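Please read them with the structure open.

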Amino acid sequence: MTTVDSRDSGTASYPRIDAVSVSLADGVLSVTLNRPDSLNSLTQDMLTAIAEAMEFAATDPQVRVVRLGGAGRGFSSGAGISEEDQNAKSHDAAGVLDAANRAVASIVALPKPVVAVVQGPAAGVGVSLALACDIVLASDQAFFLLAFTKIGLMPDGGASALVAANIGRIRAMRLALLADRLTAADAYDWGLISGVYTAAEFDAAVDKVIAKLRSGPAVALRKTKQAVNAATLTALDGAFAREREGQLQLLVSNDFREGTKAFQQNRRPEFTDS
């Protein structure tokens with residue numbers, strides 16, 4: 001359940017939880033994932049809070065641009081796969097998937113530009129959240145990782161459509177099937193993200209981009225975003241449905257149980273499903 005925090009009068013009406021902070025200043029709504037000790041691993045409540053913030057921002061005249069980032073040294077490590085996180089997720093796996101899809105869809109549908117600020121690792125559904133944004137800016141310390149197959153799962157949160165829309169089928173297959181890390185520099189070269197900067201220049205570069213969007217023509221930006229998304233993300237709704245169906249099957253598989261156990265025990269998994 002989300003709660004309302006009245007400490008920030010500009011966002012007093014915005015739903016939030018402790019793990020997702022929301023602030024509004026000079027037309028910029030900052031939505032920050034706030035579980036730095038776990039590299040901002042995502043829970044169902046966090047994903048719901050992100051969606052609710054985006055949906056509220058859609059009709060908030062104070063908001064001209066949204067900044068989506070993570071506290072600490074990472075953007076998001078994706079859905080947590082610790083024993084505690086997995087025990088919580090097992091009670092409502094469909095709910096977690098639906099919350100992730102809602103969060104991603106709310107970013108894509110928001111009639112205002114959204115900037116992803118990726119200062120460190122983005123993994124799993126964290127990649128989906130970042131790529132749902134309109135501008136993705138990364139520090140050269142960041143990397144992108146679709147780690148799903150390492151634990152016997154498949155990409156979700158629309159990743160199968162979002163990644164392919166940016167970099168094409170062959171490179172998307174490489175990231176999804178091999179689960180290799182992609183450095184921020186390579187992600188930029190491949191066309192996955194909008195820009196990459198050294199750690200020293202990153203904050204200033206982000207501020208410059210956000211300032212340009214904030215002062216830009218709101219109607220033209222809205223219509224441009226809608227047109228580009230309509231032309232390139234036609235497969236997103238279908239991806240949500242396919243990923244949901246496939247992931248729910250994989251979440252009860254022997255390979256997933258083995259994959260998570262191997263991760264928790266820091267060893268190589270021995271997959272047996274066929």
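1. The lining of the second largest pocket comprises 14 nonpolar, six polar and two charged residues. Keep in mind that this is a predicted model.

2. How much space lies in this second largest pocket? About 470 Å³. Its lining counts 22 residues. Closest to the pocket centre are Cys133, Asp134, Ile135, Val228 and Asn229.

3. Which elements give two or more residues to the lining of the second largest pocket? They are α4, β8 (135–139), α5 (159–167) and α9 (218–232). Of these, α9 gives the most, with six residues.

4. Helix α4 (residues 125–132) also has a helix partner, α3 (residues 93–109). Their axes come within 8 Å and cross at roughly 15°. Angles under 35 degrees count as roughly parallel, so α3 is roughly parallel to α4. The crossing of the two helices is right-handed.

5. Which residues meet where α3 and α4 are in contact? From α3 come Ala100, Ala103, Val104, Ile107 and Val108. From α4 come Val125, Ser128, Leu129 and Ala132. Sorted by type, the residues of this contact are eight nonpolar, one polar and no charged.

6. To sum up α4: this helix meets α3 through residues including Leu129, and α4 is also among the elements that give two or more residues to the lining of the second largest pocket. The contact of α3 with α4 has no charged residues, whereas the pocket lining has two.

Methods: Residues are numbered from 1 along each chain as its sequence is written. This is a predicted model: local features need pLDDT of at least 70, side-chain atom pairs count only at pLDDT 80 or more; totals for chains, interfaces and linings use all residues. Side-chain values use heavy atoms; hydrogens and water are left out. Axes are lines fitted to C-alpha atoms, for helices over the stretch in contact, and angles run from 0 to 180 degrees between N-to-C directions. Helices (H or I, at least four residues) and strands (E, at least two) are DSSP runs, numbered from the N terminus. Angles under 35 degrees count as roughly parallel, over 145 as roughly antiparallel, 65 to 115 as roughly perpendicular and the rest as oblique. A crossing is left-handed if the near helix is turned anticlockwise from the far one by less than a right angle, and right-handed if clockwise. Contact means heavy atoms within 4.5 Å. Ala, Val, Leu, Ile, Met, Phe, Trp, Tyr, Cys and Pro count as nonpolar, Asp, Glu, Lys and Arg as charged, and the others, Gly among them, as polar. On a 1 Å grid over the protein atoms alone, a cavity is a set of points where a 1.4 Å probe fits but cannot get out, and a pocket is an open set with protein on both sides within 12 Å along at least five of seven lines; lining residues have an atom within 4 Å of a point. Grid points are joined across faces, edges and corners, and a volume is the space filled by probe spheres set on the points.
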